[in-house]
Amino acid sequence: MKTLRILGTSILALSTMLTAPALAQSTAGYVQSAGATVKNAFGLCWRTGYWTPAMAVMECDPDLVPKPAAPARASAPAVVPPPPPRAAPAPAPAPAPVAAAPKRCDASITLGADEAFEFNKAALKPAAMAKLDKDVVARLPQCAKLELVLVSGYTDRLGSQQYNQKLSEKRADAVKAYLMKKGVDASKIDTMGMGKTLQIKSCPDGKDRKALIACLAPNRRVVVEIKGLAK
């Protein structure tokens, strides 16, 4: 009698299994009834005949449901290498050396004081010759290239302009002749008569003529200018 009861129970359970699909609608791999998943007496969900593990749901088969992927970790920012050090700017080129100005043997010599000419004369005094020897003739060898010897004659203010012009030229010529006698190249000597211009000594007319002539002596002069390149 007990055996028949067990058998009946089993047949009833099997009948329920066979008829459940017909009584309920299956979706997503599980048998559904009235919108709910059909479960057996053990709380297990009824699977359809086409169920696959890919259809597993958390309610019925939590172990088969894929775990959600862990959120991707933010990647560390790329390390940008520092830019290479800039090359130091090239030093500015050294300025070109400035050529030194050539040395010169220029000089200016004035025949004055004891060397001054006598009034109304163009003859050289011994003192004037000595000064020309010492300060002009002896200096010329210091020039590697003699460019010019300029001789300028002057007179005092007494007399007419025309007369004094000629007298100043004679005084310049007298100095040139002496320098040529001492061996100076005549082509390098140039003369100029300045007349009674550029008076360097002023004397009042109130004195007697002899005293006035003596006072004006510094104006009766010759200036010798040497131009050239030194050795």
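C60 is buried, with a relative accessible area of 16%; buried means under 20% relative accessible area, exposed over 50%, and partly exposed in between (1.4 Å probe, protein chains only). The model is predicted, so local features need pLDDT of at least 70 and side-chain atom pairs count only at pLDDT 80 or more, while totals for chains, interfaces and linings use all residues. Residues are numbered from 1 along each chain as its sequence is written, and side-chain values use heavy atoms, with hydrogens and water left out.

**Disulfides**

A disulfide is a covalent bond between the sulfur atoms of two cysteines. Here the term is applied to a pair of cysteine sulfur atoms within 2.5 Å. Searching the whole structure gives three disulfides. When the bonded cysteines of the protein chain are numbered in sequence order, the pairing reads 1-2, 3-4, 5-6.

| Disulfide | S to S distance | Torsion about the S-S bond |
|---|---|---|
| C45 and C60 | 2.0 Å | -80° |
| C105 and C143 | 1.9 Å | about 115° |
| C203 and C215 | 1.8 Å | -85° |

Helices (H or I, at least four residues) and strands (E, at least two) are DSSP runs, numbered from the N terminus. The link of C45 and C60 is left-handed. C45 has a relative accessibility of 15% and counts as buried.

The disulfide of C105 and C143 is right-handed, because the torsion about its S-S bond is about 115°. This pair links distant parts of the chain: C105 is in the loop between β3 and β4, C143 is in strand β5 (residues 143-153), and the two are 38 residues apart. Both cysteines, C105 and C143, are buried.

The link of C203 and C215 is left-handed. C203 sits in the loop between β6 (189-193) and α4 (209-215), and C215 sits in helix α4, so this pair ties together parts that are 12 residues apart in sequence. C203 and C215 are buried.

**Positive phi angles**

Most residues other than glycine have a negative phi. Which phi does N120 have, positive or negative? N120 is not a glycine, yet its phi is positive, at about 65°. N120 belongs to the loop between β4 and α2 (126-137). With a relative accessible area of 40%, N120 is partly exposed.

L198 is not a glycine either, and has a positive phi of about 55°. L198 is found in the loop between β6 and α4. Its relative accessibility is 54%, so L198 counts as exposed.

**Confidence**

The predictor's confidence in each residue is given as pLDDT, from 0 to 100. The protein chain averages a pLDDT of 84, and 85% of the residues score at least 70. Where is confidence lowest, and where is it highest? It is lowest in helix α1 (residues 2-23), at a mean of 39, and highest in helix α3 (residues 161-181), at 98. Over residues 1-26 the pLDDT is below 50. Beyond near neighbours in sequence, this stretch has 12 contacts in the model, where contact means heavy atoms within 4.5 Å.
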